[in-house]
Amino acid sequence: MDSIVLSKKEFNNLRNLVYVTSGINLHEGKLELLKSKIAKRMRLTKKSLKDYLRYLNDNEKEVIEFIDTVTTNHSFFFRENKSIEYIINQFNSHPQKDKKEFKIWCAACSTGDEPYSVAVQLKNLGLSFSIMATDISHTVLDTAARGIYKTEKLKKVPLPILHRFFQKGTGKYTGYIKVKKDITRHIMFKKFNLIKDPAPQMSFDAVLCRNVMIYFDAQTSEKVINKLYQTIVPKGFFAIGNAESLMNLTHNYKSIKKIPSLYIK
C-alpha cells in the first residue's frame, strides 16, 4: 500500500484541497511525504486510493486529520520563551495589574504546550488572566484539554514552577505529568480555522500565532496576520515564531527590536 502512484492531477487536487481548507501550501517537494501520509490514512480508514481521495473530498473532518499527519506538531513547554517573558514582564509592570484581567489568544495552540507555558508563568506572578487557545485540529485539542504530557516535554520548565503547577504521574502514568486544575481553569480550548473563520468579537492584550506561518505562502500569511490584528487592543502584543517574519507583508504592526519575533499594535 505504501507504493502509491499519484497522478499530477490528483496531486494538484490534493494540494488545492489542503490549501483552501487550511492555507497550508504543499509544494512538489512534498509529494513523497504526501504519499506516505495518504498510505497511513488509507490503512486507518481501510480504503483504496481512489475511495480515499473521494472520501477526502467529501469529508472536511478527514481533511483536517490528513493535514494533521502532514504538519509537524513539534512542541514543548517554554519553547522560544523570550517573547513570552517579554510580554509577561510588560503585563507585570502594568499600572493597573492588580485590577486587570489579561486576555491572551494562542491562535495555533497545537497540543497545548504553549498556552500552559504562558499560564504557569502568569499564575506564578499572581496575575489575573484568561487564555483562549485554538487550533484547526480536534486531535491536538483533545490532547491539550487532557493536559497530560510525557515528562521529557517539560525539561525547560523551572523546577519551582514544575513542582507548583504540575502533578507527577504514578502507576500507568509513570513518566507523565499532568497540569493542575489551578491552571487548566484559566484556559478555554476551541476549534478555530485561521483561514476560514471570522475574527472573534473579542479583544486580547496579546495574540500568539507562532510556528504556523512557515506552512503559508505570503498571501495567506498577510490575510491571517491582518485578521488577528483586528482582535488586539491598542499597544497589545503579537508574537510569531523565531523562524518566521513579517517582512514583505503589508501590515500595521510595529516590531520590538529586542525580540525579532515580537510586535506591538
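Tutor: Two strands pair if DSSP finds at least two bridges between them. Helices (H or I, at least four residues) and strands (E, at least two) are DSSP runs, numbered from the N terminus. This is a predicted model, in which local features need pLDDT of at least 70, side-chain atom pairs count only at pLDDT 80 or more, and totals for chains, interfaces and linings use all residues. Residues are numbered from 1 along each chain as its sequence is written, and side-chain values use heavy atoms, with hydrogens and water left out.

Student: How many bridges join strand 8 to strand 10?

Tutor: Three, and the two strands, residues 232-239 and 259-264, run antiparallel. Ala239 is placed opposite Leu262 of strand 10.

Student: In what order do the strands of the open sheet lie?

Tutor: The order of its seven strands is 6-2-1-7-8-10-9, with mixed pairing. Strand 6 (187-191) and strand 9 (254-256) are the edges, each pairing on one side only.

Student: Across which strands does helix 10 lie?

Tutor: Axes are lines fitted to C-alpha atoms, for helices over the stretch in contact (heavy atoms within 4.5 Å); angles run from 0 to 180 degrees between N-to-C directions. Helix 10 (residues 218-229) lies across strand 1, strand 7 and strand 8, at about 140 degrees to strand 8.

Student: Which residues of helix 10 are buried?

Tutor: Buried means under 20% relative accessible area, exposed over 50%, partly exposed in between (1.4 Å probe, protein chains only). Among the buried residues of helix 10 are Val224, Ile225 and Leu228. Its buried residues pack against helix 1 (8-22), strand 1, strand 7 and strand 8.
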